[in-house]
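Hi there,

Here is the structure I promised to send over. Have a look at it first, and then read on for my notes.

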Amino acid sequence: IAGENLVGKAKPSPEMINLILEALRVNRNKALMVGDAVTDIQMGINAELKASIGVLSGLASVYELKLMTPYVIESIASIRIDSDR
């Protein structure tokens, strides 16, 4: 778990994601951001991740999220991982 207390700049700065990627040794080209706020999506974009997925479980509307990402889902329960990739 990483919060803004661990970084110098809060969302939408990519610092939090960069910290997580480094700690887990994950390549940003293989990482996704899943969030329910506009700042979450912007953070993923700023971190240059493979994709940022907006979830309609927060305060952001589908319209607000679709302005930032083509990937908007109702619930995280609809996320599926293809293990062949």
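**What I found**

Starting at the N terminus, the elements of the chain follow the order α-β-α-β-α-β. That gives 3 helices and 3 strands in the chain. Please keep in mind that this is a predicted model.

The radius of gyration of the chain is 13 Å, close to the 12 Å that the globule rule gives for 85 residues, so the chain is as compact as a globular protein of that length. Along the principal axes, its C-alpha atoms fill a box of roughly 35 × 30 × 20 Å. Of the 85 residues, 28% are buried. The accessible surface comes to about 6,100 Å², and carbon and sulfur atoms account for 54% of that. If you are thinking about charge, the mean positions of the 9 positive and 10 negative charges are 6 Å apart.

Which residues of α1 are buried? They are Met 16, Ile 17 and Leu 21. Viewed down the axis of α1, the buried residues fall within an arc of 130 degrees, so they line one face of the helix. As a reminder, an α-helix has 3.6 residues a turn, so residues three or four places apart point the same way. The buried residues of α1 pack against β1 and α2. On the face turned away from the buried side of α1 you will find the exposed residues Glu 22 and Ala 23. Just after α1 comes Arg 25, with a positive phi of about 55 degrees.

Helix α2 covers residues 38-46, and its buried residues are Asp 40, Ile 41, Met 43 and Gly 44. Down the axis of α2, these fall within an arc of 155 degrees, so they too line one face of their helix. What lies over the buried residues of α2? The cover includes α1 (15-24), β1 (32-35), β2 (51-55) and α3 (62-66). After α2 comes Glu 48, which also has a positive phi, near 60 degrees.

Ser 83 sits in the segment after β3 (72-73). This serine is exposed, with a relative accessible area of 67%. Between the C-alpha atoms of Ser 83 and Met 16 there are 26 Å, and the two are 67 residues apart along the chain.

Best wishes

Technical notes
Residues numbered from 1 in each chain as written. Predicted model: local features only at pLDDT ≥ 70, side-chain atom pairs only at ≥ 80, totals over all residues. Heavy atoms only, no water. Buried < 20%, exposed > 50% of the residue type's maximum accessible area, 1.4 Å probe, protein only. Helix = DSSP H or I, 4+ residues; strand = E, 2+ residues; numbered from the N terminus. Arc of directions from axis to C-beta. Contact = heavy atoms within 4.5 Å. Rg over C-alpha atoms; globule rule 2.2 N^0.38 Å. Areas by Shrake-Rupley, 256 points an atom, 1.4 Å probe, with all protein chains shown as cover. Lys, Arg positive; Asp, Glu negative; His and termini not counted. Charge placed at Lys NZ, Arg CZ, Asp CG, Glu CD.
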